[in-house]
Amino acid sequence: VLATRGAVIPYAVGVDIACRMKLSIVDAPAGWLDEREDVLRKAIESETRFGVGAEFKVRREHGVMDEDWSVTALTAGLKDKAWRQLGTSGSGNHFVEFGLVTLERDELGLAAGRYLALLSHSGSRGAGAAVCAHYSKIARAMHPELPREQQHLAWFPLDSEPGQEYWRAMELMGRYASANHALIHRHVCARLGVRVVAGIENHHNFAWLEEHGGEQVVVHRKGATPAGRGVLGVIPGSMAAPGFVVRGRGVDASLHSCAHGAGRAMSRTAAEKNLHWCDVKQILRDQHVRLISAGLDEAPMAYKNIHDVMAAQADLVDVIARFDPRLVKMAPAGERPED
């Protein structure tokens with residue numbers, strides 16, 4: 001989390017602009033996770049696409065494509081690519097999964113109990129990556145005085161022409177990323193004939209204009225998500241570990257932020273070198289998780305213990321529900337990570 005006065009840092013926002021979590025609790029029985037697993041699996045497999053360059057043969061429709069993509073010359077040129085990838089997910093740690101939401105008390109307009117839910121994690125795809133690369137390069141060129149180890153912190157004055165350009169592009173990528181999730185959830189739910197009864201969406205890899213300490217600042221959150229007082233969010237663990245629905249406590253010292261997930265404990269290279277599928281499969285069996293596809297670099301052991309992470313930020317958020325993954329799809333092994 002990084003706050004600046006009147007400046008925006010493209011690389012502090014990140015490559016996958018507006019990457020986010022979306023949770024939809026549906027009106028189907030939780031028992032479907034056992035009784036109709038194959039039906040749920042087919043819905044995910046038919047209505048999602050993963051990986052670099054992933055797209056549907058027939059383009060999906062969303063109002064975001066009716067917006068003005070000419071807000072910058074770059075985004076105008078990216079519109080066709082964005083439309084081809086609309087409704088798809090990236091690689092790396094991006095996923096779509098069904099799981100069990102447990103409410104210990106009445107929350108989210110629902111009675112305490114166990115519910116079937118769909119959870120997704122991805123962002124603005126190739127368009128977002130292109131926006132980051134383009135404007136990060138311009139920012140670095142504007143600040144040749146920065147030493148090599150600080151070049152990625154190159155910034156734009158927010159009131160400058162490139163600063164305003166980047167801001168407009170970033171906000172468009174935010175709406176585009178949200179549209180991707182909306183389509184995933186819409187099509188999967190339509191395939192199953194279920195209705196969403198409660199939903200939560202929160203994002204990271206973004207910059208917000210906020211007031212802190214009595215002044216307006218630009219808050220960059222990469223690997224962090226908003227946790228203002230009363231703000232809802234979802235913090236995932238791993239393919240075999242629970243995630244948590246949280247309500248922010250609005251702590252000033254954290255700039256109203258919290259961790260957006262468990263975070264990696266092991267690099268991708270180290271995971272692929274040191275981990276073994278036989279061990280991963282045993283963990284998945286123990287946790288009653290069926291894995292449709294993923295790479296070894298996303299193994300549960302490559303991530304921090306989500307319970308330790310949640311304990312470390314107990315002062316930042318209150319947990320109101322738990323999500324246990326049961327049916328997980330990620331990009332197939334060998335895909336270049338986008339996260």
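# Briefing: strands, cores and selected residues

Strand β12 (residues 243-248) pairs with β15 in the antiparallel sense, over six bridges. Two strands count as paired if DSSP finds at least two bridges between them, and the elements themselves are DSSP runs numbered from the N terminus: helices are H or I runs of at least four residues, and strands are E runs of at least two. The structure is a predicted model, in which local features need pLDDT of at least 70 and side-chain atom pairs count only at pLDDT 80 or more, while totals for chains, interfaces and linings use all residues. Residues are numbered from 1 along each chain as its sequence is written, and side-chain values use heavy atoms, with hydrogens and water left out.

**Strand β15 and its partners**

- Strands of a sheet pair through backbone hydrogen bonds, either parallel or antiparallel.
- β14, in contrast, pairs with β15 in the parallel sense, over three bridges, and S293 has K329 of β15 as its bridge partner.
- β15 is mostly covered, since 10 of its 14 residues are buried. Buried means under 20% relative accessible area, exposed means over 50%, and partly exposed lies in between, with a 1.4 Å probe and protein chains only.
- V328 lies in β15 and counts as buried, because its relative accessibility is 0%.
- Not counting residues up to four places away in sequence, V328 touches V96, E97, M239, V289, R290, L291, I292 and S293; contact means heavy atoms within 4.5 Å.
- The C-alpha atoms of V328 and E145 are separated by 46 Å, and the two residues are 183 residues apart along the chain.

**The sheet β1-β9-β8**

- Three strands form an open sheet in the order β1-β9-β8, with antiparallel pairing.
- β1 (2-4) and β8 stand at the edges with a single partner strand each, so one side of each is left without a neighbour in the sheet.
- From one strand to the next, the twist averages 35°. Axes are lines fitted to C-alpha atoms, for helices over the stretch in contact, and angles run from 0 to 180 degrees between N-to-C directions.
- β8 and strand β9 (residues 215-221) are paired in the antiparallel sense over seven bridges, and the bridge partner of E210 in β9 is V217.
- α6 packs on this sheet, where it touches β8 and β9, and its direction makes about 105° with that of β8.

**Nonpolar cores**

- In soluble globular proteins, nonpolar side chains tend to be buried together.
- A nonpolar core is a set of buried Ala, Val, Leu, Ile, Met, Phe, Trp, Tyr and Cys residues joined through side-chain atoms within 4.5 Å.
- The largest nonpolar core has 33 residues, and those with the most contacts inside it are I17, M65, L86, V131, Y166 and M170.
- The elements that give two or more residues to this core are α4 (73-85), α5 (125-142), α6 and β8 (206-212); α6 gives the most, with 10 residues.
- V131 is in contact with I17, L74, T75, L78, Y166, A169 and M173, leaving aside its neighbours within four places in sequence.
- A second, separate core has 31 residues, including L119, A198, L275 and V289.

**Helix α3**

- In helix α3 (residues 37-47), the buried residues are L40, R41, A43, I44 and E47.
- These residues lie on the same side of α3, because they cover an arc of only 160° around the axis; the arc is that of the directions from the helix axis to the C-beta atoms.
- The buried residues of α3 pack against α2 (32-35), β4 (95-103), β5 (113-122), α6 (161-192), β14 (290-293) and β15 (317-330).

- N202 is found in strand β7 (residues 196-203) and is buried, with a relative accessible area of 6%.
- The side chain of N202 makes a polar contact with the side chain of T225, at 3.0 Å. A polar contact is a pair of N or O atoms within 3.5 Å; within protein, one must be able to donate a hydrogen and the other to accept it, and residues adjacent in sequence count only if both atoms are side-chain atoms.
- G228 is found in the loop between β10 (224-226) and β11 (232-235), and G228 is buried, with a relative accessible area of 11%.
- G228 touches G248, R249, G250 and H256, not counting residues up to four places away in sequence.
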